[in-house]
Amino acid sequence: MIKEFIGTGKTIEEATLAAKAGLNAPITADVKIEIVAMPKKKVLGLFGGSDAQVKASFEDNRKERKTANYKAPRKPNDKRVPLYNKSFEEQEKEKQKAKKAKPVQEQKPKKAHQEYKLDSSINIDLDYVKSYLKTILDGFKIDDAKIEAAIKNDAVEIDIETESIGIIIGHRGETLDAIQYLISLAIKRNTDTYVRVIVNVGNYRDKREKTLRALAEKNANYVLKTGRRYGFEPMNPYERRIIHTAVQEIEGVTSRSVGSGVDRRVLIEPVGGVKDNGGHRRSRAPKAPVAADPNREKRVDRADIPKFGKIEVNKD
């Protein structure tokens, strides 16, 4: 089986390197290089021109599997009647008999969702975690940081004490979340296991949770009072979970997440639907289009009125 890849580049050498890299052939393979297109210069350095194209290929020494038109060999004493020689009713009867003959298997109950728990056998080097975080903070030119790390509540909890709190937190905690994600990747690289990491600075996590819960209660009361929907700004999964948890404790309202990626946000709605201008409940589904009245008189442009208004012509 021959494998090939076409690479492009401004010169033949660049295109050749791109083709070999894309082919990813073994070191012992005999790679053949073929020039597909020569590079062309632009006219006056502005118009036209094209890159060079080079094709790299090698023999894989593997046979292609032929799956089309494959028929299983029939045993010599097989006297089965082909299915297409039977009528539709006979086929249905045989299917019903086969279903009755099979024993009914009991469905196993689905397992409940297991909460995340840290495996005690995993050896996490907390000194490495603190040195890794110290390297990140050095990039921010933060020299007065005091780092404490411990394993609590099935997670690696890290606490940072510094005067440069705003730099580490960033805009709405985005920088802090990024640092937390990098540390989790570093631990996974060393332990080959996902470990939940919580990074806190200046007690930001607790303060943010209290703020979000207060916002959820305030806007849930607004939804109950007005019967309208309220949408929050985009949040990360951790903050959306706090909003959902707070709304579940309030009767008469519900919450859901909409959007995707970084634009995903939480909506709070009254139970039973949103009220329209008349005070009636309105469901989420859009209303069906109203059919036009067939007896309605159609508008016809009058011939005596110009379409573009009165046009005056200067006779002088």
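This is a predicted model: local features need pLDDT of at least 70, side-chain atom pairs count only at pLDDT 80 or more; totals for chains, interfaces and linings use all residues.
I started with the secondary structure and got 7 helices and 11 strands for the chain.

Next, the whole-chain numbers. I have 316 residues in the chain, and 23% of them count as buried. The accessible surface comes to about 26,100 Å², with 51% of that belonging to carbon and sulfur atoms. I also looked at contacts with a separation of 6 or more: residues 24 or more positions apart account for 56% of them.

Then I went to a sheet. How do β4 and β5 pair, parallel or antiparallel? They go antiparallel, over 7 bridges, with β5 covering residues 155-161. I checked K152 too: its bridge partner in β5 is A155.

Last stop, the surface. I noted a nonpolar patch of about 290 Å², made by Y181, L182 and L185. L182 sits in helix α5, which spans residues 174-191. Is L182 buried, partly exposed or exposed? Its relative accessible area is 37%, so I put L182 down as partly exposed. Patch members need over 30% relative accessible area, and L182 clears that with its 37%.

Notes
Residues are numbered from 1 along each chain as its sequence is written. Side-chain values use heavy atoms; hydrogens and water are left out. Patches are made of residues with over 30% relative accessible area and no salt bridge: like charges are joined within 9 Å, nonpolar side chains (Val, Leu, Ile, Met, Phe, Trp, Tyr) within 5 Å. Accessible areas come from the Shrake-Rupley method with a 1.4 Å probe; for residues, only the protein chains shown count as cover. A salt bridge is a side-chain nitrogen of Lys or Arg within 4 Å of a carboxyl oxygen of Asp or Glu. Helices (H or I, at least four residues) and strands (E, at least two) are DSSP runs, numbered from the N terminus. Buried means under 20% relative accessible area, exposed over 50%, partly exposed in between (1.4 Å probe, protein chains only). Two strands pair if DSSP finds at least two bridges between them. Contact means heavy atoms within 4.5 Å.
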